[in-house]
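I opened my notebook to go through this structure one piece at a time. Here is what I looked up, in the order I did it.

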Amino acid sequence: MSGTSGHPVLQARQLCYCRGERLLIHSLSFALSAGHWIHVRGQNGSGKTTLLRLLAGLLPAESGEVVWQGRIIRGQCAAYRQALCYLGHANGLKDELTPVEHLCWTAALRGAPVSTAKARQALNRLGLRQQADLPCQNLSQGQKRRVALASLSNTQATLWLLDEPFNALDRAACQQLQHLLEQHLVQGGLLILSSHQDVTLAGISPQQVTLSTTPDHV
Amino acid sequence: MSDAAWCLIQRDLRIAWRRRGGVLLALCFFVLIALLFPLGIGPEAKTLRLIGPGIIWVSALLASLLALPHLFAADYQDGSLEHLLLAPQPLAWLVLNKIVAHWLITGLPLVLVAPVLGLQYTLSGAGLWTLVAALLLGTPILSLFGAIGAALTLGLRSGGTLLALLVLPLYVPVLIFGAGAVEATASGLGEQAHLSLLGGLLILALLGTPVATAAALRLAAES
């Protein structure tokens, strides 16, 4: 993998993961430095979500290691989790809570509480001014996705792991998200996202990690 | 650290308040079961006084079991469990706070309603106090032990039945000491020993079960 400059902050070394009999991720290595991003590609079922969950520490790797700022991450590492923001397929929204309440509680959980005013600001930025106080069960799929993504603009996490962030978003929301991602990279953040679409972030070309569905058996 | 924990409790209480119909079900179940027995057995005060504590405790056990699947299921389905797993705080601490919230929602109401049911079984004043004290110590143990089962059966197809099979044996000591305390008061032996044992069990559960539940949740997230 080329295209990195500077000291790598996040490294994956020889990551392997098996699902049942199938070797889903085979000896995958990459290095990512501040202000750069990785676009994970692959067909359905090729292990994109698995890779992101591996990097987040939700799944244990069969072999290989994830290195964060020179330290190998194994199991529980509070410092790594502090620096990490993971957004999976599920948005993690509670039907009964309003978007503002959602942003406030996720921020408090991450140890960086935000005021309701700041939460509203983040929602406004993603065009949810009118929905800010509605229970999430009344929102459409795309609006729910926007609420989940709005929490990105309040987080101080340096590493963003986003699983298909553009799913269910309309064109305007896609642009707002792109803007958010560009801002994050300019501020020296790291980003790994999976997406079937082509994603262009101004000025910064991604490293491509392509996962194949070759039937490797163990 | 305590900020996040407090926020979690607040969140769970708020959600419970907004869908209070579902929360009330377990309480109604508890009351109904305890009300049905006298109808089947007959109005003789002596028999009722004898079986009362046991029946109220078994009803509490079943009601607690009924509420258990809700402890983590919603968080698992909507993805907010991942937020908890990836939070910088220790997972066992967060889990403990979730269980506290769960007890406040499903356990505490049982404790508050129990004296009224006790009257129906003609328990004496002292007996009623003991019943409340025993439930106050015992129902948190039910929630704590139950949390392990709820986490282990997360995402399984016939999880509910398996949960009952896993958790009910763990409830046996609580049932014995809890019902025993009320009987001991009635017979004049004094309830101190039973309550002390329940207290000891509660401390043990507080120390051990959050860690075990956290481990089970990590396993559930891997599947």
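This is a predicted model: local features need pLDDT of at least 70, side-chain atom pairs count only at pLDDT 80 or more; totals for chains, interfaces and linings use all residues.

**Entry 1: burial and overall form.** I started with a definition: a residue is buried if 20 or more other C-beta atoms lie within 10 Å of its own, exposed if 12 or fewer, and partly exposed in between, with C-beta atoms placed from the backbone. By that rule, 43% of the 218 residues of chain A count as buried.

Residues are numbered from 1 along each chain as its sequence is written, and chains are lettered from A and ligands numbered from 1 in the order in which they are written.

Next I looked up the secondary structure, where helices (H or I, at least four residues) and strands (E, at least two) are DSSP runs numbered from the N terminus. Chain A has six helices and nine strands. Its radius of gyration is 17 Å, close to the 17 Å that the globule rule gives for 218 residues, so chain A is as compact as a globular protein of that length. (The radius is taken over C-alpha atoms, and the rule is 2.2 Å times the number of residues to the power 0.38.) The C-alpha trace of chain A spans about 50 × 35 × 35 Å along its principal axes.

I also checked contacts, which means that the C-beta atoms of two residues, placed from the backbone, lie within 7 Å. In chain A, 72% of the contacts between residues at least 6 apart in sequence join residues at least 24 apart.

**Entry 2: strand β8 of chain A.** How many residues of β8(A) are buried? I found five of five, in a strand that runs over residues 190–194. In a regular strand the side chains alternate between the two faces of the sheet. Here A:Leu190, A:Ile192 and A:Ser194 are buried on one side, and A:Leu191 and A:Leu193 are buried on the other.

I then looked for its partners; two strands pair if DSSP finds at least two bridges between them. β3(A), residues 37–42, pairs with β8(A) in the parallel sense over four bridges, and A:Trp37 stands opposite A:Leu191. β7(A), residues 159–163, also pairs with β8(A) in the parallel sense, over five bridges. Among the bridge partners are A:Leu159 with A:Leu190 and A:Leu162 with A:Leu193.

**Entry 3: one residue, A:Leu190.** A:Leu190 lies in strand β8 of chain A. Why does A:Leu190 count as buried? It does so because 24 other C-beta atoms are within 10 Å. I liked this detail: A:Leu190 and A:Ala34 are 156 residues apart along the chain, yet their C-alpha atoms are separated by 5.6 Å. Beyond its neighbours within four places in sequence, A:Leu190 has contacts that include A:Val9, A:Leu10, A:Leu32 and A:Thr158.

**Entry 4: strand β7 of chain A.** Five of the five residues of β7(A) are buried, so this strand is largely enclosed by the rest of the structure. A:Leu159, A:Leu161 and A:Asp163 are buried on one side, with A:Trp160 and A:Leu162 buried on the other. β6(A) runs parallel to β7(A), joined by four bridges, and A:Tyr86 stands opposite A:Leu161.

**Entry 5: where the chains meet.** I found 23 residues of chain A in contact with 19 residues of chain B. On the side of chain A that touches chain B, the elements giving two or more residues are α2 (78–82), β6 (84–87) and α3 (99–109) of chain A. Which element gives the most? α3(A) does, with four residues.

Entry 6: α3(B), residues 45–67, has 23 residues and reaches 32 Å from its first C-alpha to its last, close to the 33 Å expected. (The expected span is 1.5 Å times one less than the number of residues.) α3(B) bends by about 45° at B:Ile51, and B:Pro53 follows within four residues. I noted that a bend is the angle between axes fitted to the seven residues ending at a residue and the seven starting there. α7(B) bends by about 25° at B:Leu136, with B:Pro140 following within four residues. In α7(B), 22 of the 28 residues are buried.
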